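User: I am new to this structure and would like to go through some of its helices step by step. Please show it first.

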Amino acid sequence: MINGWLMLPAWALFGTLVAFYAATAAVIAWLAMASPVSGWIKSFTGVVAPFIAAVSVLFSLLTGFLAGDIADRNRQAWRAVNGEASAIVMLNTLSLAAASDMSAIRGELKTYADSVLKDEWPVMAEGRRAPATGAALRELLRHAADPAIARDAGQTAATALLGAVIRIRDARAERLALASDQTNDIKWLTVLALGIVTQIAVALVHLDKPRAKLAAMAVFTAGAIIALGLVALQEYPFSGHMRVSPVPIERAAELMSQTG
């Protein structure tokens, strides 16, 4: 349910938030002002204003923690993509500088980079990986670990080449892990529920002042919708509305084409 909402277009995502919190605010206001139990609810009149802070602080803290987690995951995704592109460029440079012919490794590296962009990037938005990209990486790793490289180009060059391939493998693994990460569902449900609890707290403080109650609930609801909507737009680093770009890997692939 949460994943489906987060994957909606921006207008639908905000629209759902508006409808959800407008509905909960309307129900709370109706219960307090016009429902059959409104008289019993009004018997709680006298709850002091500072009470709101007890709930609103929890809502604010959890929203902040959720936003921090999402921002950190996006930073990690950016670093993974740039680290992978950097390792691709490094391996290409090392293969050109090696004393022996490394055209086979460069060809496999180009195949891998092209597969990342054409095969894996589209399906990564769904949390999946491309078998063709994995096969290209295994073939690249197999050739980089060939003992003949140490014999022909020297142990130092062989170690550097293998290290660059391992960096590519590790960066890809981190990129795929971040793309399939869906661990924030419980946090989202908690934050959304605390938003409703905060609306209830606002209503309790203004039980004897209907107009003040409606105004306070409207202001809080608008703020919650704006904050949660903007955070939700950044939830998924590779498939959300503010996604990490494959441009660094595209530039690395272009550089390989230019250098042969």
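Predicted model: local features only at pLDDT ≥ 70, side-chain atom pairs only at ≥ 80, totals over all residues.

Analyst: Residues are numbered from 1 along each chain as its sequence is written, and side-chain values use heavy atoms, leaving out hydrogens and water.

User: How are α4 and α8 oriented to each other?

Analyst: Helix α4 (residues 51-97) packs with helix α8 (residues 155-179) at an angle of about 155 degrees, their axes being 8 Å apart; axes are lines fitted to C-alpha atoms, for helices over the stretch in contact, and angles run from 0 to 180 degrees between N-to-C directions. Angles over 145 degrees count as roughly antiparallel, and the two helices are therefore roughly antiparallel.

User: Which helices do the buried residues of α2 pack against?

Analyst: The buried residues of α2, where buried means under 20% relative accessible area (1.4 Å probe, protein chains only), include Leu-13, Tyr-21 and Ile-28. These buried residues pack against α1 (2-6), α3 (38-42), α9 (185-205) and α10 (210-232).

User: Is Arg-172 buried or exposed?

Analyst: Arg-172 lies in helix α8 and touches, among others, Glu-84, Tyr-112 and Glu-120, not counting residues up to four places away in sequence, where contact means heavy atoms within 4.5 Å. Its relative accessible area is 8%, so Arg-172 is buried.

Conventions. Helix = DSSP H or I, 4+ residues; strand = E, 2+ residues; numbered from the N terminus. Parallel < 35°, antiparallel > 145°, perpendicular 65-115°, else oblique. Buried < 20%, exposed > 50% of the residue type's maximum accessible area, 1.4 Å probe, protein only.
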